[in-house]
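Subject: Model for your files, with notes on helix packing and aromatic pairs

Dear colleague,

Please find the structure below. My notes on helix packing and aromatic rings follow it.

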Amino acid sequence: MFKRSFHSRDRAGKAVRPSKRSYREHTRVKLQQSVDSPPVGSTLTSPIITLIVGRDQRLFAAHEDVLSLSPFFSAALKGQFYESATKRVDLPDEEPEILSCVLEYLYKGDYYPRLLHNKRRNSWELEDAQDPNTFGGRGSIESTINHTGVGGVLLKDTAIYCTAEKFGLDELKRLALRKQGLQSGIQIDVILRSARFAYDNTPDTDSRLRAHYLALIIRSRKTFKRSGTMQTEMEIGGSKLFFDLFVAMCNHVDDIVDITNNRSPRSI
């Protein structure tokens, strides 16, 4: 999973915007096309499926062919969670707010706030993110959600990434990670809780979201070092996160040593 260290493009200290070169032209075009048109065309004639979501059994409705874009739903519509007579799928472990974002993505190719390309600056930004006069409702940029499954606040894009992992939606995973990289000003406890959630809900082979959190902590290590929350989390343990962080920081130190020795050969 780890290289010797993190390249600059992988670091996310302040969660700043990704560099221009990280967005290839074909990715830019693909994202824009997916936003401009639904993935299944303009005519939707397949049966409507009712989704019963979360502990409060919130109801959602979606077309069968749209849901079938996800391997998870394609299998669910043929499995034990599907009531063929009523055309219902029970999803008791999912978060309604997150599923709403997933459905919006399946229909529109993105979810609010949309990822927009600023041609003048040749950079990417989140819809409404720079509008100081917009508050409340869908006009505000809310980077977190209250996740009932963990009983606390998480970064929304992390929850979407993990749900996309479960649903087999790789493009949605990439989109969620891009958006999370544009967020800033997140509390340390939220970052660490989200990192634990990411480790609990992604496979060990995941090299994107996990690496994002490791790079974030390393880049902002002075802040995390002073944090009582970080100390408490490490003392509690129980997550592979902290061993991975140790390995990543060792690799980071090794790179610094190599650079130093190349300039002035010596041993440490």
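Helix 8 and helix 11 are oblique to each other, a class left over once angles under 35 degrees are called roughly parallel, over 145 roughly antiparallel and 65 to 115 roughly perpendicular. Their axes cross at roughly 60° and come within 10 Å; helix 8 covers residues 209-219. Axes here are lines fitted to C-alpha atoms, for helices over the stretch in contact, with angles from 0 to 180 degrees between N-to-C directions. Helices are DSSP runs (H or I, at least four residues), numbered from the N terminus.

On the helix 8 side, Arg210, Leu214, Ile217 and Ile218 meet Leu241, Asp244, Leu245, Ala248, Met249 and His252 of helix 11, contact meaning heavy atoms within 4.5 Å. That contact has seven nonpolar, one polar and two charged residues. Nonpolar covers Ala, Val, Leu, Ile, Met, Phe, Trp, Tyr, Cys and Pro, charged covers Asp, Glu, Lys and Arg, and the others, Gly among them, are polar.

The model is predicted, so local features need pLDDT of at least 70 and side-chain atom pairs count only at pLDDT 80 or more, while totals for chains, interfaces and linings use all residues. Residues are numbered from 1 along each chain as its sequence is written, and side-chain values use heavy atoms, with hydrogens and water left out.

Helix 5 (residues 156-167) and helix 6 (residues 170-180) pack at about 170°, with axes 8 Å apart, and are therefore roughly antiparallel. Their crossing is left-handed. The contact residues include Ile160, Tyr161 and Ala164 of helix 5 and Leu172, Ala176 and Leu177 of helix 6. By class, the contact divides into six nonpolar, two polar and four charged residues.

There are four aromatic pairs (ring centres within 6.5 Å; planes under 30 degrees apart are stacked, over 60 edge-to-face, the rest tilted). Phe72 and Phe167 are stacked, at 4.7 Å centre to centre and 25° between the planes. This pair joins helix 3 (residues 71-76) to helix 5, across 95 residues. Phe167 is buried at 0% relative accessibility, whereas Phe72, at 23%, is partly exposed (buried is under 20% relative accessible area, exposed over 50%, partly exposed in between; 1.4 Å probe, protein chains only). Phe72, Phe73 and Phe167 form one aromatic cluster.

Regards

Conventions. Helices (H or I, at least four residues) and strands (E, at least two) are DSSP runs, numbered from the N terminus. A crossing is left-handed if the near helix is turned anticlockwise from the far one by less than a right angle, and right-handed if clockwise. Rings of Phe, Tyr and Trp (its six-membered ring) pair if their centres lie within 6.5 Å; planes under 30 degrees apart count as stacked, over 60 as edge-to-face and the rest as tilted.
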